[in-house]
Amino acid sequence: MKKDIRIVICWLSIVNILPMGIINISMTEIENTNSNIISLHYSFKEPIVEKITVFGQDFHIFKIPDLPLSNDVGLPVLPIKPINILLPQGGMLDSVEVIAKDKVVLGKGFRVMLGGKPMPISDAITVPIPPNNTSLFDATKPYPPEAYTIIGTHYFRGYAILTITLHPLYYIEEIGEVYYYKNMTVRIKISETVSNNPLFRGLPEDEDRVKQIVENPSMVSTYNLIKNKPVSTSSLVNPSDSYDYVIITSNYLKNAEADYTFRDLAEYKNKSGLKTIIVTVEDIKNNPSYWNTTNPLFNDTQAKIRNFIRDAYMNWGIKYVLLGGDSDIIPARTFVARGEQGYFYDYNDIAAPPSDVYYCCLDGNYNYDEDMRWGETTDGENGGDVDLRAEVYVGRACVGSKTEMSNFVKKTIQYEFTYDSYIEEVLLAGEDMGWSGAARWGGNHLDEIVDGSTLGGYTTVGIPSNEYNINKLYDRDWPGNNWPKEELIKRMNRGVHIICHDGHAWDNYNMKLENSDVKSLVNEKYFFAYSTGCWSGAFDNPHGRDCIAEYFTVKTEHGAFAGIWNTRYGWGGGEYKPYNIIDYGNHRYIREFWDAVFGEGIKEIGKANQDSKEDNIWRINEVIMRYCFYTITLFGDPSAPIKEVDKNPPTKPAKPTGESKGEVGQEYHYTTCSLDQDGDSLYYMWDWGDGNFSDWLGPYDSGEIVTASYTWTEKGTYAIRVKAKDIHHRESPWSDPLVVSMPKSYYPLWTLLEKINEWLISTFGRELLPGFL
């Protein structure tokens, strides 16, 4: 259906005929008399103007508290309000009307800053101040030309979320006039669709997440399970089963013998409470349920794997997917996207980004017009935008051999299973970007992820310096402005938990290290890496060699347990202060990643990576933002959590209480408890004194009395004890033991009489009570 987008113009005493918008400081959801109308009202504070000088030229930046700033090449940098609106189930956008009131003219003679050109983080080039983008920006008329921009409707687990950016403030460049509106109301008219979204599962966790995202959470009440919910017809997915996590790999790797295998990873996840299964690519490819026999474009390996993931999501309820293979085992889908101003990375361009977004965002087919260009802005369902909200969270283990698999699994399990004081150590590695002004230094960019930042008009929470020891390795501060790679290697080998890097890179070069340098690492304490550099995650081997992200994560038993790298270009912050030093391209995503971890409490790295992308959907059509969305890739277990600093392990558990004497073959119950000063949930492991140990049982609340049961099979004396660990895997000492005696079992009376009778017969040839027994 063609959308009718209309703007209602209000004549007020101080209002001219102008494009209207909605802007937010406070928001009220207006009671709707028509169920097909969503009404929202916003009020705004007075803008703050800052004057800056760049290369001897004066500019103005206008800010409205709590609103981010736009930044597209050659266009005025202005405050805007992104909003996410939940549409009713079965509804689609019909039209939008906006009413603006209380116009305030702030004056004339202003010169508003224009957005700068993005720079690939593999080049050191100085660009001039950008000119007016005359193709998009008419200096004689108010900018923006519309009061709002519809970004698109994207679906999260069957919930339709409409994203709009709203424009409170306007600029007429020719006369330098700036004005804004104090109050605005938006009315969204909804039309019904023929069918509901087939990926709606109706799970409470899905509903809770949607409520956190949208402006109108009460709309979730319109969502109900589809009566004719799709049921799997595949022999691989039994709807009566349920799993949280799927590892997709080859037959060879699934069955290979090594020190650590994907089977070990699955077993560990299952014991940790994350129900996990391994499925092979061969089984997926050979299953007709995942074939498309009418169009070969959607019948390649990538499409079949994605069809399986959709099936497992709907019928098993999975949350996480590990792509356990290199690109020859699990190939990527290569997308097209806009890069720097005026340049488009087409499907036949080596810099077109391969992307695992294809495997986590499951609506549509990503190629609506069925051409060679996947991931176009019109390749979503019915020619709309492609799906950008994930149903599942995906990570990649680029393993091609059992040795690489063993390296990956070993590091993943050991990082998750143990706690060490090195968890407190964070390293920020910033290089000389070769640009002008404050944007020159990677350290200036990385400083914004320490504690938090409000740069660009929005707030992100960063890595807390009062909990982590944050060390900085910056060219900006190093004598001669060029720290040596040997310094980084020394710190890696000494033990560091998190490394964030901003600097130039290539497929075989990152953090000033080459592949051979990574192979030489000897650290036993594994780190998580996040780099904004170019090409370091090019796992599809465009230059005929494995990328350095693979060296960090799978080609050595040292290095990183996981990391985030770009499969193609990373994009940097331009040339000008104070706005776009950092707030550009990849720097927006790294800020939102750490905001997810420490601001939103999303510890799992796959989920945090996707959250960092979805928090930037509102600006997805700005230059290079979609490219970054596609190219940022997680190399690692998507369910692995970033460990928090935990200075307080659980207390030594109380000595177990229960029976100290008993009989073999009978079950006995024992209790204990422990306290955690941080209030963390606890797990308990019991040593039954006969060589057997329980699994980690839990979780339990701190201070909760817990009970465990055991049955001894042999007589003896046993010292039972118990220890506790918290959710960060910090363990307590063992408790004092309780000594339990299991004497020889006594026969019941009837059995005893039978034994006596047998003895009498064998010895004297007569029974104890003839004819009775």
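Modeller: Buried means under 20% relative accessible area, exposed over 50%, and partly exposed in between, with a 1.4 Å probe and protein chains only. Strands are DSSP runs of E with at least two residues, helices are runs of H or I with at least four, and both are numbered from the N terminus. The model is predicted, so local features need pLDDT of at least 70 and side-chain atom pairs pLDDT 80 or more, while totals for chains, interfaces and linings use all residues. Residues are numbered from 1 along each chain as its sequence is written, and side-chain values use heavy atoms, without hydrogens and water.

Start with S31, residues 667–672. Tyr668, Tyr670 and Thr672 point to one face and are buried. The partner is S34, residues 706–711. The two strands run antiparallel, joined by six bridges (pairing takes at least two DSSP bridges). Across this pairing, threonine 671 stands opposite threonine 707.

Compare S10, residues 169–172. Leu169 and Tyr171 point one way, Tyr170 and Ile172 the other, and all are buried. S10 runs antiparallel to S11, residues 177–192, through four bridges. S10 and S11 form a hairpin with four residues between them. In the turn, glycine 176 has a positive phi of about 70 degrees. Tyrosine 170 stands opposite tyrosine 179 in S11.

Tyrosine 179 leads on to the rings. The structure holds 49 aromatic pairs (rings of Phe, Tyr and Trp, the last by its six-membered ring, with centres within 6.5 Å; planes under 30 degrees apart are stacked, over 60 edge-to-face, the rest tilted). Tyrosine 179 and tyrosine 181 have ring centres 6.2 Å apart and planes at 90 degrees, so the pair is edge-to-face. Elsewhere, ring pairs link Phe298, Phe335, Tyr358, Tyr359, Tyr366, Trp374, Phe629 and Tyr630 into a cluster.

Rings also meet charges (NZ of Lys or CZ of Arg within 6 Å of the ring centre and within 35 degrees of the ring normal). The charged end of arginine 588 sits over tyrosine 584, 5.0 Å from the ring centre. Arginine 721 lies over the face of tryptophan 734, at 4.2 Å from the ring centre.

On a 1 Å grid over the protein atoms alone, a cavity is a set of points where a 1.4 Å probe fits but cannot get out; a pocket is an open set with protein on both sides within 12 Å along at least five of seven lines; lining residues have an atom within 4 Å of a point. The largest cavity has a volume of about 120 Å³ (space filled by probe spheres on points joined across faces, edges and corners). It has 15 lining residues, with Asp356, Cys360, Val394, Asn609 and Lys613 closest to its centre. H6 (357–360), S19 (393–397), H13 (605–614) and S30 (632–635) each supply at least two residues of this lining.

The largest pocket holds about 1,400 Å³. Of its 43 lining residues, Ser272, Glu416, Ser639, Pro641 and Tyr683 are closest to the centre. Elements that give two or more residues to the pocket lining include H1 (204–213), H7 (402–417) and S35 (716–726). H3 gives the largest share, five residues. The pocket lining divides into 15 nonpolar, eight polar and 20 charged residues (Ala, Val, Leu, Ile, Met, Phe, Trp, Tyr, Cys and Pro are nonpolar; Asp, Glu, Lys and Arg charged; the others, Gly among them, polar).
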